[in-house]
Amino acid sequence: MLPKPRYLPAGESALVVEFGDTIDPKIHDQVLALDAALQQAKWGGVTETVPTYRSLMIHFDPRRLTTEALADALAGLDYASALPRTRRQLWRIPACYDPPHGEDIAEVAALLGLPHERVTGLHLGARYRVYMYGFAPGFTFLGGLPNELTIPRRAVPRPPAPPGSLLIAGGQALIASCAMPTGWYGIGRTPVKMFDPRREQGFLAGIGDELCLERIDSAAFDAMSAAAEAGEFCARHEYLDET
Amino acid sequence: MGGCLRVLRAGPGATIQDGGRHGYLRYGVTPAGPMDWVAFRTANSALGNDRAAAIEVSVGGLEVICEGTPLAVAFAGGAFLWRRDGVLLPQAARLLLEPGKTLAARAGDSGAFAYLAVEGGFETPVTMGSRATHTRSAMGGIEGRMLRAGDVLPAGPTERLDGASFEAMIDAPWLAREPDPFRVVLGPQDNYFTVETLSAFFEGQFTLTPVVDRMAYRFDGPDIAHARGYDIVSDGVALGAIQIAGDKKPLILMADRQPTGGYPKLGHVVRADIGRLAQMRPGETCGFRAVSVAEARAALLAREDEIAATLQCLRPLRRALTSERLFEANLIDGVVDPLDSEQTGGEFYEGKI
């Protein structure tokens, strides 16, 4: 039996349902199950839900719902077996580690005492889960980074890493959708646009989807960048078999 | 063709905002929307709009000219100085702007944001269901950026013809500045702070630093030390979140907040007070007071009821020229502008109706 979640107010217009305080697929599964159940239940007054690593934030209209009534209704909701709205997918994301991309590889290798090829090999070989989006549209936060690549955030942010940067820090990995100054380390780059408002499907991956990386060289990177600019996904994807 | 406003001059920070870009928080999309939703909704309500796209004017000011057909416009928020063709207007008013007439806003002695709404709303392009500008992700408004001279803002269709009875000042007492502490609902990470630290927060005086933008306001004041560290695994962020990072100072997250964040949130400034907080300027001080969720909700519903009655708070512009109003006007230091020769009592509010 899983422990009961905590209900924590975030003002009068939002409620946090917290399942834990760590990065753990079991905790995230509960977040996604509650999210799916609420999407299906369509409760009046619930305006938006935001899944994160370890909690679900429920935004609601206080004219139609109170925090208390929402928490009561949640306590009576059987969501343990709720299925996500959409089937989970596996995304194969092309990744380039060749110059001029991945400009922080040498720094990471030196800090961790690993050969360059070990850094890229570990990053490339991992199977990731999309835990949440945050910071900016399409900024994709991943779990599943091998422990050997755990590196603390920089004390001082580095100059903006370009869109598509594959960043690591604090035991997490992410795919940046736009340029920003960052305390993370850029060790590769993908031509894939995780978010493009001009595409019919603006965001590529669903939360809970899995993701792996496939190495490309810089010539392939340039060709795929042009295709992505023209609106192509440039990432293969398949449904995960879950019975 | 319909009417439009052409921007003649826009100070930094003038943007198009509507009720916000909702439904995409889960993808990292910031809702944006007005910094002071109360003033934004008041200006719109005076025109019978709901949350139509309006111009958010910052202390940088704005000047526009009406083109095409006459436009019903309304403005409210902060102690801004509004002028039509150079003639001073009330701080909040509803006008029928004729083609060729200019409307200008300048920052007064207080307040950070004013809203210029048009009947039917500005029909700038819609991105992901909203016209709200979020400059960081270059979405909404015009090309996702702040307004600048030359921008043309088409207005939605309108059938307004009764100009004579239309022009009015908006006498909205809920827009007045109040010195009261901002109300705060504790959580979700109030347990990251000791009881003593929380009392220090609620007893302390805080000064708004110059580090302010549409994303967050940084305050200085007594240290708010964490009892259990300040790195949390990222969770959701709501409007008004009081985030305490490693510097032990409150950072209050505003309209352009990111949807998720990784610092402990002591509490949230209640929705009813967040517009008033948005109107603060760097150097101004404030305090905070803890309230229950039920109190916060009641305050919000009461504020919304007030805004819904905006149409009952209109007073004809001509009749607004009473000795009482002039007396009030003279008490507002910021209205006196030595560079403007037309600022005499006789011309105050003298609109061309």
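Reply: Before the first question, one term is needed: two residues are in contact if their C-beta atoms, placed from the backbone, lie within 7 Å. The model is predicted.

Me: Which elements are included in what covers the buried residues of helix 4 of chain B?
Reply: A residue counts as buried if 20 or more other C-beta atoms lie within 10 Å of its own. In helix 4 (residues 271–278) of chain B, eight of the eight residues are buried, so this helix is largely enclosed by the rest of the structure. Those residues are B:R271, B:A272, B:D273, B:I274, B:G275, B:R276, B:L277 and B:A278. Their cover includes helix 1, strand 13 (182–186), strand 18 (250–253), strand 20 (265–269) and helix 5 of chain B.

Me: How do the residues of the contact of helix 1 of chain B with helix 5 of chain B divide by class?
Reply: Helix 1 of chain B contributes B:V38, B:R41, B:T42 and B:S45, while helix 5 of chain B contributes B:R303, B:I307 and B:A308. An α-helix has 3.6 residues a turn, so residues three or four places apart point the same way. By class, the contact residues of helix 1 and helix 5 of chain B are three nonpolar, two polar and two charged.

Me: On which sheet strands does helix 1 of chain B pack, and what angle does its direction make with that of strand 10 of chain B?
Reply: The sheet concerned is open, has seven strands in the order 2-3-10-5-8-12-23 (chain B) and shows antiparallel pairing. Its neighbouring strands are turned against each other by 30 degrees on average, direction ignored. Helix 1 (residues 37–45) of chain B touches strand 2, strand 3 (54–57), strand 5 (71–76), strand 10 (114–118) and strand 12 of chain B, and the angle between its direction and that of strand 10 of chain B is about 25 degrees.

Me: Which residue stands opposite B:M169 in strand 23 of chain B?
Reply: Strand 2 (15–17) and strand 23 (314–316) of chain B are the edge strands of the sheet, each pairing on one side only. Strand 23 of chain B runs antiparallel to strand 12 (residues 168–170) of chain B, and three bridges join them. Opposite B:M169 stands B:R315.

Me: Is B:M215 buried, partly exposed or exposed?
Reply: B:M215 lies in the loop between strand 14 (206–212) and strand 15 (216–220) of chain B. Leaving aside residues up to four places away in sequence, B:M215 touches B:M254, B:D256 and B:R257. Because B:M215 has 17 C-beta neighbours inside 10 Å, its class is partly exposed.

Me: Which element of chain A gives the largest share of the side that touches chain B?
Reply: The contact takes 38 residues from chain A and 33 residues from chain B. On the side of chain A, two or more residues come from each of strand 1 (6–9), strand 2 (14–18), strand 3 (46–51), strand 4 (55–60) and strand 6 (128–133). By class, this side of chain A has 21 nonpolar, twelve polar and five charged residues. The largest share, five residues, is given by strand 3 of chain A.

Me: Which residue of strand 4 of chain A is the bridge partner of A:V16?
Reply: Chain A has an open sheet of four strands with antiparallel pairing, in the order 1-2-4-3. Its edge strands, each pairing on one side only, are strand 1 and strand 3 of chain A. Strand 2 and strand 4 of chain A pair in the antiparallel sense over five bridges. The bridge partner of A:V16 is A:M57.

Me: Which helix gives the largest share of the side of domain 1 of chain A that touches domain 2 of chain A?
Reply: Chain A is divided into domain 1 (6–75) and domain 2 (89–239). Their contact takes seven residues from domain 1 and six residues from domain 2 of chain A. The largest share of the domain 1 side, three residues, comes from helix 1 (residues 25–41) of chain A.

Terms used. Residues numbered from 1 in each chain as written. Chains lettered and ligands numbered in written order. Predicted model: local features only at pLDDT ≥ 70, side-chain atom pairs only at ≥ 80, totals over all residues. Nonpolar A, V, L, I, M, F, W, Y, C, P; charged D, E, K, R; others polar. Domains from an automatic or database assignment. Pairing = 2+ DSSP bridges. Axes fitted to C-alpha atoms, helices over the stretch in contact; angles between N-to-C directions. Buried ≥ 20, exposed ≤ 12 C-beta atoms within 10 Å, placed from the backbone.
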